[in-house]
Protein chains: 2
Amino acid sequence: MNPLSSPLLTDHYQLMMLQSYLEQGMDERAVFEFFVRKLPPGRNFMVAAGLEQALDFLENLKFSPEELAWLTPRFPPAVIAYLEKFRFNGDVHAMPEGTVFFPDQPILRITAPLPQAQLVESRIMNLLHFETLIASKAARLVMVAPHKLLVDFGMRRAHGAEAGLLAARASYLAGFSGTATVLAGTLYGIPLFGTMAHSYIQAHEDEATAFEHFARCHPDRATLLIDTYDTETAATKVVALARKLRGEGIGIKGVRLDSGDLAAHARCVRQILNEGGLEKTTIFASGNLDEYRLRDLLSSAAPIDGFGVGTALDVSSDAPSLDCAYKLQEYGGKPRRKRSEGKATWPGRKQVYRSYSANGCMIGDVVALEENDPHDGQPLLMPIMRAGRRIHAHATLDQIRQRTLAEYARLPKAMTTLEMAAPYPVVISAALQILANELDAARVLNP
Amino acid sequence: MNPLSSPLLTDHYQLMMLQSYLEQGMDERAVFEFFVRKLPPGRNFMVAAGLEQALDFLENLKFSPEELAWLTPRFPPAVIAYLEKFRFNGDVHAMPEGTVFFPDQPILRITAPLPQAQLVESRIMNLLHFETLIASKAARLVMVAPHKLLVDFGMRRAHGAEAGLLAARASYLAGFSGTATVLAGTLYGIPLFGTMAHSYIQAHEDEATAFEHFARCHPDRATLLIDTYDTETAATKVVALARKLRGEGIGIKGVRLDSGDLAAHARCVRQILNEGGLEKTTIFASGNLDEYRLRDLLSSAAPIDGFGVGTALDVSSDAPSLDCAYKLQEYGGKPRRKRSEGKATWPGRKQVYRSYSANGCMIGDVVALEENDPHDGQPLLMPIMRAGRRIHAHATLDQIRQRTLAEYARLPKAMTTLEMAAPYPVVISAALQILANELDAARVLNP
């Protein structure tokens with residue numbers, strides 16, 4: 001059983017509800033929408049991601065013999081018989097990955113028989129939430145350092161293996177240059193980057209020998225880590241090594257700083273390298289970096305060519321979760337509304353329309369009902385899957401990445417910094433507000 | 001290829017270093033230790049977890065034909081030949097899962113030929129970091145609510161599938177009662193809990209019918225969610241339903257609150273239930289709970305019997321990462337020390353000795369060299385794996401859980417609340433300090 005695609009990757013109540021739905025014959029079409037309730041503090045927008053993995057999950061969903069064997073003593077025969085034949089055959093509408101979005105805007109809608117749409121809730125949320133979280137975090141780093149090499153270094157402190165892999169994907173999709181995680185390169189074709197660890201230096205009797213071994217092993221590709229003992233001393237060793245190797249036609253690609261005052265070290269090291277004729281040897285920095293440290297380093301004009309960002313990216317350190325939900329908006333053709341205090345939802349099947357200025361800048365969105373509620377602007381939710389099968393060929397990850405970068409260019413200028421901008425205008429259509437009021441009124445009459 | 005056990009779940013530099021180690025014949029025994037540099041803000045201690053998964057990873061590590069096919073065009077034939085035969089055959093020492101520990105204390109030590117010990121770094125960190133993070137968070141919730149039912153509800157907002165599964169395991173190990181994640185029940189035997197979702201209520205034409213369907217479907221096991229529309233109105237419906245079903249011998253186990261002022265609602269609902277003769281029907285609460293909200297609810301004596309804790313647990317919301325490291329401490333029999341600014345490590349193979357008062361309370365630890373540096377107290381690091389194989393039979397998860405609960409009972413009283421206590425005394429042995437100074441002095445003489 002592959003845990004990443006198991007239908008048991010769900011909450012126990014989904015199976016308990018499914019049992020009851022089957023007993024009651026409640027298998028009419030249900031419409032669920034996934035949306036984020038509010039922006040994390042300090043954020044201006046979010047970037048949709050994770051759709052590809054959600055679609056893979058839906059397309060391949062079935063119960064294995066081992067899974068059925070585990071379920072059999074726990075659920076009635078009618079449930080087991082249903083699960084044996086279980087396939088997802090619903091429809092999916094979604095914003096393409098890389099789309100910028102805002103609170104209360106559905107980024108995915110599932111229309112399927114109620115037991116199906118219910119069962120997949122937990123994993124669909126798990127995938128969309130996490131990749132959207134990381135893409136939205138990565139967007140901030142990319143906007144702060146748009147012309148720098150940005151590499152995901154975070155797998156070791158990501159929350160498990162899948163988080164490391166999906167963080168590599170989501171950050172690349174959002175504009176990162178690549179990742180250090182080999183398996184993410186293998187699975188998704190993301191460019192791989194790697195330097196060396198302190199242990200490599202420490203395992204050698206002296207630093208200069210370590211540098212030479214690594215440079216000879218990886219001609220023209222070695223990025224040497226120079227902070228294990230003394231950064232500037234190490235930089236002079238790099239210059240000496242480069243002189244020695246030049247005659248053999250071996251170049252040194254770069255050096256990496258990983259501790260201390262990165263801006264000050266970068267300036268000293270740049271000078272040492274330049275005086276040693278290594279103007280083309282790059283300086284790469286890492287070590288507890290986030291978007292604020294990147295901004296400060298760049299605004300101080302520190303001569304750093306690229307950054308490895310680890311933990312802050314892979315756990316989205318300032319906002320490790322999004323307040324998101326997957327809610328029933330329609331069942332058997334009738335709109336539904338949850339009224340829980342502080343958690344009320346907008347009912348019905350919805351569409352989001354986005355308007356642009358003459359020069360292509362986003363100027364405002366309308367969240368409207370999908371039917372009989374037309375609005376100007378570009379509809380953001382597209383049909384993606386019909387009867388359990390993808391409608392379109394996959395977009396490549398590089399195509400999605402290009403689309404994401406184009407989205408940033410259309411954001412209002414004030415939203416492309418780390419400062420809080422005025423909230424982006426998102427209007428709830430009159431028809432949608434009226435529907436919500438009607439449902440509430442009906443509830444009051446018939447509590 | 002199962003991504004969760006793939007040896008490519010590593011950083012690219014591990015392979016680049018491995019290539020160089022092989023070229024240089026650097027395959028002497030290396031000693032790496034995993035430790036946490038400092039406590040997250042507001043925390044008094046940590047709980048070691050993840051060892052079981054780390055050992056599984058090491059025991060089963062090998063490169064599949066597909067993985068080798070991917071590597072072949074990217075690395076020289078000598079590297080591929082080495083990886084074809086790659087198995088982990090090193091030794092592991094570790095603190096048993098559930099052990100309370102503090103900064104600078106290794107919780108795991110790997111002794112293996114350098115290329116092996118290096119290659120496994122990324123995944124070993126990824127596993128130990130995350131489970132330790134979650135167990136340490138769960139410990140706080142358990143200490144605040146020791147006699148309540150605590151259930152992990154977090155999979156949907158955990159960072160990917162493995163995070164959801166391992167969070168269920170780590171929180172159960174740390175004293176939780178169970179999880180909602182079905183696959184965690186299947187894989188680890190953790191007790192499963194489930195109630196119902198708002199969508200179940202919404203899919204029905206009215207709430208009372210929804211309650212009745214669910215209660216009949218799950219006799220004596222149904223926990224009814226009562227906040228979809230109006231909590232107190234719903235509670236009166238539960239009373240009416242219980243009366244109706246009593247004659248048929250069907251009981252209702254509990255109700256769940258998920259929004260609003262949980263303490264106020266719990267009091268009203270308790271009264272409604274009691275007046276309706278449902279004194280034994282439990283009240284379960286959920287909705288953005290963390291250890292502080294639990295403490296407040298319990299100190300206000302809110303009549304709540306159990307809690308579902310989701311996002312705050314599964315992402316360790318106040319501290320979504322630990323400042324941890326896996327560092328080379330010895331190579332070829334010689335101790336090693338990293339000197340990077342602010343990140344210097346204690347060199348050599350280490351042991352941690354813990355002392356207890358006469359009544360069994362922890363009173364202080366010594367971090368010492370493993371050899372020729374004896375100290376009083378209980379040694380916490382035990383031999384766990386020899387030559388790539390586990391020495392002992394697995395402890396069951398329930399045994400680990402009992403051990404963890406026993407650990408809490410031995411903590412200094414002041415450390416078992418959410419307040420910051422005086423730092424627990426951890427002393428670095430004189431011999432270890434002298435060794436560190438000697439290594440630094442040698443480095444100054446021979447930079």
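Which residue in S16(B) is the bridge partner of B:Arg354? In this predicted model, the partner is B:Gln378. The pair belongs to two neighbouring strands of chain B. Strand S14 spans residues 350-356. S14 and S16(B) run antiparallel to each other and are joined over two bridges.

These strands are part of an open sheet of four strands in chain B. The order is S16-S14-S15-S19, and the pairing is mixed. Strand S16 (378-379) lies at one edge and strand S19 (426-428) at the other. Each of these edge strands of chain B pairs on one side only.

A second open sheet in chain B has seven strands. Its order is S13-S12-S1-S5-S3-S17-S18, with antiparallel pairing. Strands of a sheet pair through backbone hydrogen bonds, either parallel or antiparallel.

The helices of chain B include H7, which covers residues 161-173. H7 of chain B has 13 residues. From first C-alpha to last, the helix reaches 19 Å, close to the 18 Å expected at 1.5 Å a residue. B:Gly175 follows H7(B) and has a positive phi, near 115 degrees.

The overall make-up of the protein can be described through chain A. Chain A contains 16 helices and 19 strands. Its C-alpha atoms fill a box of roughly 85 × 55 × 35 Å along the principal axes. Of the 447 residues in chain A, 64% are buried. Among contacts in chain A with a separation of 6 or more, 75% join residues 24 or more positions apart.

An unreviewed entry lists residues 150-329 of chain A as "domain: Nicotinate/nicotinamide phosphoribosyltransferase". This span is 44% helix and 15% strand. Its end C-alpha atoms lie 40 Å apart. UniProt also gives "domain: Nicotinate phosphoribosyltransferase C-terminal", again from an unreviewed entry, for residues 378-433 of chain A. Here the chain is 32% helix and 21% strand, and the end C-alpha atoms are 21 Å apart.

The two chains can be superposed. A rotation of 180 degrees, with 0.0 Å of shift along its axis, places chain B on chain A with an RMSD of 0.0 Å. The two copies are thus related as by a two-fold rotation axis. Their contact involves 101 residues from chain B and 101 residues from chain A. About 9,000 Å² is buried between the chains, 58% of it on carbon and sulfur atoms. On the side of chain B, the residues that lose the most area to chain A are B:Arg156, B:His159 and B:Gln202. Together they account for 9% of what that side buries. Through which surface do the copies meet? Of the interface residues of chain B, 100% are also interface residues in chain A, so the copies meet through the same surface.

A:Ala242 sits in helix H11 (residues 231-246). A:Ala242 is buried, with a relative accessible area of 6%. Beyond its neighbours within four places in sequence, A:Ala242 contacts A:Ile252 and A:Leu278. A:Ile252 is ten residues away along the chain, and the C-alpha atoms of A:Ala242 and A:Ile252 are separated by 6.7 Å.

A:Arg339 lies in the loop between strand S13 (334-335) and strand S14 (350-356) of chain A. A:Arg339 is partly exposed, at 30% relative accessible area. Leaving aside neighbours within four places in sequence, A:Arg339 is in contact with A:Ala344 and A:Asp440, and also with B:Thr228 and B:Tyr229. A:Arg339 and A:Asp440 are 101 residues apart along the chain, yet their C-alpha atoms are separated by 8.1 Å.

Key
Residues are numbered from 1 along each chain as its sequence is written. Chains are lettered from A and ligands numbered from 1 in the order in which they are written. This is a predicted model: local features need pLDDT of at least 70, side-chain atom pairs count only at pLDDT 80 or more; totals for chains, interfaces and linings use all residues. Side-chain values use heavy atoms; hydrogens and water are left out. The expected span of a helix is 1.5 Å times one less than its number of residues. Copies are superposed by least squares on the C-alpha atoms of residues with pLDDT of at least 70 in both. Contact means heavy atoms within 4.5 Å. UniProt positions are given in the numbering used here, feature names are shortened, and annotations may be inferred rather than shown by experiment. Two strands pair if DSSP finds at least two bridges between them. Buried area is the accessible area (1.4 Å probe) that two parts lose on being put together, summed over both. Buried means under 20% relative accessible area, exposed over 50%, partly exposed in between (1.4 Å probe, protein chains only).
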